[in-house]
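The sequence and structure come first.

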Amino acid sequence: MKRKDSGKRTHAADYSMWLNVAAAVVFTVLLVWGMYLVREKLLTNTNLMANSLAKSYADEEESKFKQYESILSLAASNIKEMSDSERSPDDIRNMLISVCGETESSVGGSVIDPYAVLDGEIIAAYPWEGDSSYDFASMDWYTEAISNPGETVYTDVYKDAVTGKRVITISRSISEGDVLAFDILLENFGSIDSVKTLPYNSSYILFDSACNIVYSSSRLSVDELESSDYVRELRSRIESGSLEGHTASISDTEGRNRGVYYYTMPNDWISVITIPVKDILYDDWNEIFLVFAFIYAMILMAIVMFTVMNFKSKARSRYVEDTLRILGDTYYAIYRIDLKDGTYEAIKQRPDVSAMLGTSGTYEKFISVMETCVDKSTFNSFRDNFSIENMQSLAGDNVREFGGDYLRKFEDGDRWVNVRIIYNVALKINEVIMCFKDVDFERRRSIEQYELLENALSTANSTVEKRNALFSNISHDMRTPLNAIVGLSQLSLRDDPDREALMENMKTIEKSGRQLLGLVNDILDMSKIEGSSESILNPEPVNLRETIEGCIEMFRPLAAGDNKKLTFTFEAVHERVICDPLRISQILNNLISNALKYSGENCSAEVAVEEITSGENSGQFRFTVTDDGMGMSSEFIEHIFEPFARETAFAPSRISGTGLGMPIVKSLVQQMNGSINVQSELGRGSRVSFTLPLQLAAPGEEDASSARSGGVSCDGACTQSGDGLSGLKILIAEDNAINMKILSMNLHALNMDVLCASDGKQALDMFLSSEENSIDAILMDMQMPVMDGCSAAEAIRHSGRGDSLTVPIIAVTANTFSEDIEKATRFGMNAHIAKPIEPGRLISVLSRLCTKKTT
Amino acid sequence: MDLKRLSSECGIDIESALERFMGNEEIYISFLNELMYEDKTFDEMNLAASCYSYDELFRTAHTLKGSAANMGLQQLSGCCDRIVTALREKNYSVIPDAMDDCREIYAKIKHVVDEENRNA
């Protein structure tokens, strides 16, 4: 439902914007159309006005003609009378001259040149040369007048033969064969007064029926005009009728567009007015146009601004709406409760209740539907807390928010839900909003956290208890030997015992002291193992077989003394591994000691080492110590790793030991990422096995531990005097001059050859450029510039030469941290000598590693 | 040079140091002089400390630790070890004090060596 709304909203916003754009477009269109209409109107009006003006001019011309005609007619009848009364040609001439004068005064201008044909002879007011031989009979004015008796006839414009001026002739027949004619000079013809009232730039042309110019108001001469393309086009277009429309125009001699308006007179003469189109449309138009354009621009800008503001505010309100929707989405149901009317309106709700609740209803109905969603006790509390009265009183107290968590039944199970009523001053005074939020995750998590805390607390308590128990056990176990020491010492001091008794006492004191010492050491070990966050292991490459053999050797005398058999089988493929030999020995010592302790005479114990799985770099090694002694009960096995636990049944009364051995063993095994397993049967014996993942040491690496771990003998080449080292060539890599000198001095003193390199790169280069196997050992400082010791060692090991894997590399460094030793081993170094160098140690390590020249 | 004075005033373990020099006091004294007058490690260490170049400080402190130990200068070596350890543990706040101690010890040794050389 929500999605559709947003779609509608977006559409509305789009509509509004598009509407504005459409309005702008329509406005522009209307404006343009308006301007077009106005233009049309102007042109049409001008057309009408100019046409009628042309007609009125034509009418004026016509009236002029009428005047000529009446003068002509009167003159003709006068001549007829005079001719009938046989007046002399001179009289007639004189009459014609007076007609001239009359016409001048009535029509204006010395306009006419009258002459008549009487009895075949020309009588002219102003005779011309050759008038006697003038062939009048071929002239149009004569022939037309003769063929149209009683009518005034007009010729077209022509050039007078004598004067060369433009004339027209009007003529009328007097009687059969006699014709009176007036030549009218066109230059005086058409000065109609009203032409002066033509608009500026407009012009008036009068064409005769042959489209010759009778008169023109243009400043150009008639000849110029007649010969112009403009007039030619004007004539032809008028004839063709293409200049009839109000929008028709023509281009004049100056290229200006002119509107053409004309009226054809009954005698086919055409009265033409032309007005420049520019003057029709834009005279006084520029300012109006600017004003119009300005107003248009303003309105357009207003529309654009309005659209943009609208868009922005829509975007803003959409943004706010989205924010509110997201806020609303945190609630899966929202209702408005009217406290006064006791009704609700659902703004948003789950489908499982919407069927029952609809969009609105009474609050009682709401509560009753709630009953179906929660358990009884929750419902009662809900009904009381969210009753109309309670909500009203809360609102009255200005409590803005009120709510709580409860378990609601959903289709897919029960979930924790938070209900909240919100009262806001902005709402109507008696309305609150009730909203529901799913808080299942948070609630369950806080329950979990609470349980975790409870567990942690109880664990802490039990740890304290265990610690207290441990302390009381420790103090008990320490008191026994201490009491013996103190007591026997007192005894020895007080009495005057004999030597034998004294010796006995001393022996017991010594034994108790050692027992106490063992206990203290074990306790310290335990606390170190348990308490230390750092590993207490010091791994190094060792020969596992030899290390374990060393452990077993220590017990051989003890075993032999009790007639017990002690065997060792080593079935691992790889002998050389990286481990902490001290700690492995400690574990095995504990186990072997127990095996021998908890078995009687003639029993046997076996130590076995197997390599269960082996990879390229590491393997799983299983160590098993088996005995056929007294064994343990299954109940005890459960507590075997608890400090001070001892099998109580069937145990010999005096079993020595601290009770911490197995806990220490387990801790150590765990520190080595191993696992331990105990199997036993009372009376039959026990088998303890532990498995450790151990890294394999590279073949050819001598074990570094043999000089250090107790119990393993040095091989024969180990001498303190260093005799066997004479002649060896040693490469020293050391960046500090003093240290280098000291080392060289010590080696020279032993008759060794020394090569000096001041950094790892130099050392590498010197090694690579030396003859194979010529260098007997490399003393490598760890911290050097350019290339440090580890990188140099790695490079040498990977150089691929025949001696690259066998040449002994000894790390010489002030670093004695276990990780540095381990790092040195990892990069292929065979041994480690700490600075400051002890000559003795140097000799022993070199002796051990450089077997070549000693054997 | 009065090695006993060195031993008592500067806490130098002359006996074990002489082991490295085959018991030869003269060789030991010449090495000591070289360390005090020609070796530049202490100056480099000082400079690295003042510039807070911890990498360089580590290298120089480590080197000086070794050479000082070789010469039996335990106090100086121990001081350098403190610096090396602090840098490893990124415990930079203790370095200024450790450096001060280093300088003090070095200055004392230098003073005694200078005087002994003048008297010789």
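## Crossing sense

A crossing is left-handed if the near helix is turned anticlockwise from the far one by less than a right angle, and right-handed if it is turned clockwise. In this predicted model, α4(B) passes α5(B) in a left-handed crossing.

## α4 and α5 of chain B

Helix α4 of chain B spans residues 41–50 and helix α5 of chain B spans residues 54–70; their axes lie 8 Å apart, at an angle of about 150°. Angles over 145 degrees count as roughly antiparallel, and α4(B) is therefore roughly antiparallel to α5(B).

On the α4(B) side, the contact is made by Thr41(B), Phe42(B), Glu44(B), Met45(B), Ala48(B) and Ala49(B). These meet Glu56(B), Leu57(B), Arg59(B), Thr60(B), Ala61(B), Thr63(B) and Leu64(B) in α5(B). By class, the residues of this contact of α4(B) with α5(B) are seven nonpolar, three polar and three charged.

## α5 and α6 of chain B

Helix α5(B) also packs on helix α6 (residues 74–88) of chain B, where the axes come within 8 Å and cross at roughly 150°. That angle makes α5(B) roughly antiparallel to α6(B). The crossing of α5(B) past α6(B) is left-handed.

From α5(B), the contact residues are Tyr54(B), Leu57(B), Phe58(B), Ala61(B), His62(B), Leu64(B), Lys65(B), Ala68(B) and Ala69(B). Their partners in α6(B) are Leu76(B), Ser77(B), Cys80(B), Asp81(B), Ile83(B), Val84(B), Leu87(B) and Arg88(B). The contact of α5(B) with α6(B) comprises twelve nonpolar, two polar and three charged residues.

## α15 and α17 of chain A

In chain A, helix α15 (residues 581–597) packs against α17(A) at an angle of about 145°, with the axes 10 Å apart. The crossing of α15(A) past α17(A) is left-handed.

Arg583(A), Gln586(A), Ile587(A), Asn590(A), Leu591(A) and Asn594(A) are the contact residues in α15(A). In α17(A) they meet Gly661(A), Met662(A), Ile664(A), Val665(A), Leu668(A) and Val669(A). The residues of the contact of α15(A) with α17(A) comprise seven nonpolar, four polar and one charged.

## The second largest pocket

The second largest pocket holds about 730 Å³ of space. It is lined by 23 residues, of which Arg467(A), Leu470(A), Met526(A), Glu530(A) and Pro643(A) are the closest to its centre. Two or more lining residues come from each of α12 (440–494), α13 (499–531) and α17 (661–671) of chain A.

Helix α12(A) gives the largest share of the lining of the second largest pocket, with nine residues. By class, the lining of the second largest pocket has twelve nonpolar, six polar and five charged residues.

Key
Residues numbered from 1 in each chain as written. Chains lettered and ligands numbered in written order. Predicted model: local features only at pLDDT ≥ 70, side-chain atom pairs only at ≥ 80, totals over all residues. Heavy atoms only, no water. Axes fitted to C-alpha atoms, helices over the stretch in contact; angles between N-to-C directions. Helix = DSSP H or I, 4+ residues; strand = E, 2+ residues; numbered from the N terminus. Parallel < 35°, antiparallel > 145°, perpendicular 65-115°, else oblique. Contact = heavy atoms within 4.5 Å. Nonpolar A, V, L, I, M, F, W, Y, C, P; charged D, E, K, R; others polar. 1 Å grid on protein atoms, 1.4 Å probe; cavity = no way out; pocket = protein on both sides within 12 Å on 5 of 7 lines; lining within 4 Å. Points joined across faces, edges and corners; volume = space filled by probe spheres on them.
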